[in-house]
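Please read the following explanation alongside the sequence and the coordinates.

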Protein chains: 2
Amino acid sequence: MNPITIITKKRDQQILTTEEIAFIAQGAATGTIPDYQLAAWLMAVYINGLTDQETADLTRAMAESGDRVDLSGLPTPWADKHSTGGVGDKTTIVLLPILAACGLTVVKMSGPGLGKTGGTIDKLASIPGFRTDLTPEQMKAQANHIGIALTGQTPSLAPADKTLYALRDVTATVPCLPLIVSSILSKKIAGGADHVTLDVKCGSGAFMETPAEARRLADALTKVGTAAGLKIRTAVTDMDQPLGRTAGNALEIKEAIRILQGQETGRFRDLCIHLAQITLENCGILADPAFAIDSGAALMKMRQWVTAQGGHPRFSITKSGNPHPTFTKSFTTMNPVGSNQLTPKSSASKSLNSAVDENPKVTPSITPSASKPSSK
Amino acid sequence: MNPITIITKKRDQQILTTEEIAFIAQGAATGTIPDYQLAAWLMAVYINGLTDQETADLTRAMAESGDRVDLSGLPTPWADKHSTGGVGDKTTIVLLPILAACGLTVVKMSGPGLGKTGGTIDKLASIPGFRTDLTPEQMKAQANHIGIALTGQTPSLAPADKTLYALRDVTATVPCLPLIVSSILSKKIAGGADHVTLDVKCGSGAFMETPAEARRLADALTKVGTAAGLKIRTAVTDMDQPLGRTAGNALEIKEAIRILQGQETGRFRDLCIHLAQITLENCGILADPAFAIDSGAALMKMRQWVTAQGGHPRFSITKSGNPHPTFTKSFTTMNPVGSNQLTPKSSASKSLNSAVDENPKVTPSITPSASKPSSK
């Protein structure tokens with residue numbers, strides 16, 4: 001098979017076979033197809049599109065291009081969640097503890113932020129000591145133990161997507177529906193996902209700026225994801241203004257905790273509860289996400305989660321801890337000596353911090369250990 | 001200026017400014033824009049096209065991206081000739097001596113063969129000792145002396161085209177009218193051309209397979225070339241069957257000499273005379289190309305030319321020399337020791353030879369020096 005033939009077909013609006021798409025994905029994963037040929041192919045795909053069948057083929061081929069996480073053995077059902085990203089979107093950090101508190105096993109591999117949207121992994125890295133580099137085995141063991149685990153994507157997961165994603169960013173081929181769909185879903189499949197809730201952001205703070213665009217993406221995700229064997233639920237949610245009160249990694253962690261403490265009401269809490277509801281429905285579980293918050297069960301899961309992933313012991317999460325803790329420079333990279341465990345794991349978090357936060361670290365709450373987990 | 005912005009504009013069918021196109025050409029020439037971005041841009045251009053103005057801008061920008069040959073001081077008018085290439089197309093080798101015999105100064109820089117079409121430079125390299133690597137200064141001195149010079153393109157001539165040309169070959173963006181036009185004309189301009197005759201081949205042995213395609217290319221060459229200050233004449237000529245009797249570098253050199261010896265009639269001779277006529281008209285010269293052949297004047301120019309460029313003394317061109325000289329292995333690369341001056345200068349000729357010819361070298365005619373140049 002020859003990359004030029006495949007580029008030519010797509011250039012001329014022909015439909016590629018499953019084998020041709022697999023050849024491109026394998027070539028991207030292994031480096032046997034050079035970047036310039038992948039770039040020409042991406043532009044041809046951008047302009048001429050991919051059919052649903054081609055998109056499903058690309059999704060599967062990218063998922064199969066590297067390691068795959070096998071979650072079998074974990075308590076079912078397993079839930080995963082993905083947001084297309086928006087300013088101030090800290091939904092995952094609230095949603096995962098709620099779902100785990102409701103009895104789901106939530107396992108998520110999370111990518112770094114893209115463009116104007118921050119990444120969950122960057123936000124969590126602002127918790128002193130929090131590890132975002134769990135191996136698949138560690139992730140699985142933790143999920144088995146406490147029902148919740150989140151880690152950064154390993155390079156061996158969907159390496160074809162990794163290559164194409166990086167190329168799209170520099171070849172003006174990012175906002176392309178079939179490429180977005182296959183990129184999102186291939187990582188979910190490779191990460192072992194089963195039931196997936198997809199939150200498609202819509203508005204000036206998101207990549208999809210109009211409701212029609214967002215609806216098209218949600219429909220394509222559902223169609224292609226279902227064809228690939230996933231149980232998909234989608235929600236199109238507003239991103240015309242930042243989600244919640246804050247934008248910035250450390251600030252958003254604090255806000256997420258305040259939601260779980262039951263100290264916030266409004267649009268962001270409502271969104272978290274809505275997404276939890278459709279996820280629970282999708283998994284066939286009857287539970288009340290609002291009660292998981294109000295009872296303190298979700299906050300307890302958050303504590304377990306942060307502790308399990310190495311969150312610094314001084315970063316205590318209390319039922320009513322200081323909602324607006326003061327900031328200090330003491331954990332910034334300006335003073336890294338002797339405080340290695342407190343610096344962010346993700347280098348991406350640093351640049352996002354510097355762009356949005358003035359102070360990249362949440363100060364540990366001074367409340368010593370007054371946590372009183374709910375006994376729901 | 002940012003390559004991604006320029007790629008995005010072309011992707012979205014917008015028209016690029018002169019400065020944006022110059023930025024792409026400079027980036028291609030200097031390597032500051034990576035191949036994958038140029039590849040994405042080329043595919044966007046392939047699918048969405050360039051306007052005549054954009055094509056003229058690209059032509060000028062590529063011509064200005066490196067060294068330029070200055071022919072001022074040579075006897076005027078200067079003529080150059082280009083063929084879009086076809087199987088068995090040895091027209092240049094016949095046409096240049098005819099034009100020089102008619103009083104024009106013919107200076108040509110010639111590229112290697114592309115795809116199924118052989119390059120003039122490869123054909124000439126099959127003459128033992130023939131140099132295809134004249135410097136611009138050597139080329140100019142020779143043209144001043146005998147009215148004719150041909151050399152391979154130096155890497156410093158239109159380096160932007162060199163980069164884009166190589167990329168087009170591997171990204172399925174070769175058959176694209178504005179890219180073909182700007183590639184051809186930028187090299188003519190950088191090579192110092194003034195009056196240019198463009199032979200657009202049409203048929204199954206050429207890149208333009210239908211008369212309509214070939215006519216479109218001829219029209220675009222005329223329009224863009226005129227806008228760039230060249231005096232252009234075009235001819236659309238048939239390439240549904242190989243031109244002349246032979247295909248293969250050494251065989252074609254022999255056939256070209258037979259035409260100049262006046263020993264051949266038919267379609268190929270007619271084409272050479274037609275192209276010579278329109279070139280002479282374009283330059284405002286009243287002369288009869290057929291008489292240049294019949295009188296022996298063109299053959300004499302050929303002898304002068306081959307000798308001036310280092311053609312081996314044993315490669316003698318006679319008025320009636322053996323039209324079918326036998327072949328021998330003695331000049332092949334199988335026996336290179338002590339015969340360095342007899343091996344081809346161009347490595348491209350070797351592969352083309354091996355693909356088409358069985359014997360890559362023309363045997364020197366055994367007629368000692370019976371040449372009797374006509375005294376027209």
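In this predicted model, a right-handed β-α-β unit is made by E1(A), helix H5 (residues 91–101) of chain A and E2(A). The two strands of the unit, strand E1 (residues 78–83) of chain A and E2(A), pair in the parallel sense over two bridges.

On its other pairing, E2(A) runs parallel to strand E3 (residues 148–152) of chain A, and five bridges join them. A:Val106 has A:Ile148 in E3(A) as its bridge partner, and A:Lys108 stands opposite A:Leu150 in E3(A).

How many residues of strand E2 (residues 105–110) of chain A are buried? Six of the six are, so the strand is largely enclosed by the rest of the structure. In a regular strand the side chains alternate between the two faces of the sheet. A:Thr105, A:Val107 and A:Met109 point one way from E2(A), while A:Val106, A:Lys108 and A:Ser110 point the other way. Both sets are buried, and for A:Lys108 this means a relative accessible area under 20%.

These pairings belong to an open sheet of five strands in chain A, with the order E3-E2-E1-E4-E5 and parallel pairing. Its edge strands are E3 and strand E5 (231–238) of chain A, each of which pairs on one side only. From one strand to the next, the twist averages 20°. Helix H7 (residues 136–146) of chain A packs on this sheet and touches E2 and E3 of chain A. The direction of helix H7 makes about 160° with that of E3(A). Helix H12 (residues 267–283) of chain A also packs on the sheet, where it touches E1, strand E4 (195–202) and E5 of chain A. Its direction makes about 165° with that of E5(A).

Chain B has an open sheet of five strands as well, in the order E3-E2-E1-E4-E5 and with parallel pairing. Strand E3 (148–152) and strand E5 (231–238) of chain B each have a single partner strand, so one side of each is left without a neighbour in the sheet. Neighbouring strands are turned by 20° against each other on average, direction ignored. Inside this sheet, two bridges join strand E1 (residues 78–83) of chain B to strand E2 (residues 105–110) of chain B, and the two run parallel. Here B:Ala79 stands opposite B:Val106 in E2(B).

Next come the charged side chains. Over all chains, the count comes to 34 salt bridges. Which residue forms a salt bridge with A:Asp57? The partner is A:Arg60, with the closest N and O atoms 3.4 Å apart. Both residues lie in helix H4 (residues 52–63) of chain A, three residues apart, about one turn of the helix. A:Asp57 is buried at 5% relative accessible area, whereas A:Arg60 is partly exposed at 29%.

In chain B, the side chains of B:Asp194 and B:Lys231 meet in a salt bridge at 3.3 Å, N to O. This pair links distant parts of the chain, 37 residues apart: B:Asp194 is in the loop between helix H9 (177–190) and E4 of chain B, and B:Lys231 is in strand E5 of chain B. B:Asp194 is buried, with a relative accessible area of 18%, and B:Lys231 is partly exposed at 41%. Another salt bridge joins the side chains of B:Arg233 and B:Glu281 at 3.5 Å, N to O. It connects strand E5 of chain B, which holds B:Arg233, to helix H12 of chain B, which holds B:Glu281, across 48 residues. B:Arg233 is partly exposed, with a relative accessible area of 32%.

How are the two chains related? Chain B can be laid on chain A with an RMSD of 0.0 Å by a turn of 180° and a shift of 0.0 Å along the axis. The two copies are therefore related as by a two-fold rotation axis. In chain B, the C-alpha nearest this axis belongs to B:Tyr36, 2.0 Å from it. Of the interface residues of chain B, 100% are also interface residues in chain A, so the copies meet through the same surface.

Notes. Residues are numbered from 1 along each chain as its sequence is written. Chains are lettered from A and ligands numbered from 1 in the order in which they are written. This is a predicted model: local features need pLDDT of at least 70, side-chain atom pairs count only at pLDDT 80 or more; totals for chains, interfaces and linings use all residues. Side-chain values use heavy atoms; hydrogens and water are left out. Copies are superposed by least squares on the C-alpha atoms of residues with pLDDT of at least 70 in both. Contact means heavy atoms within 4.5 Å. Two strands pair if DSSP finds at least two bridges between them. Helices (H or I, at least four residues) and strands (E, at least two) are DSSP runs, numbered from the N terminus. Axes are lines fitted to C-alpha atoms, for helices over the stretch in contact, and angles run from 0 to 180 degrees between N-to-C directions. A salt bridge is a side-chain nitrogen of Lys or Arg within 4 Å of a carboxyl oxygen of Asp or Glu. Buried means under 20% relative accessible area, exposed over 50%, partly exposed in between (1.4 Å probe, protein chains only). A crossover is right-handed if, with the strands pointing away from the viewer, the path from the first strand over the helix to the second runs clockwise.
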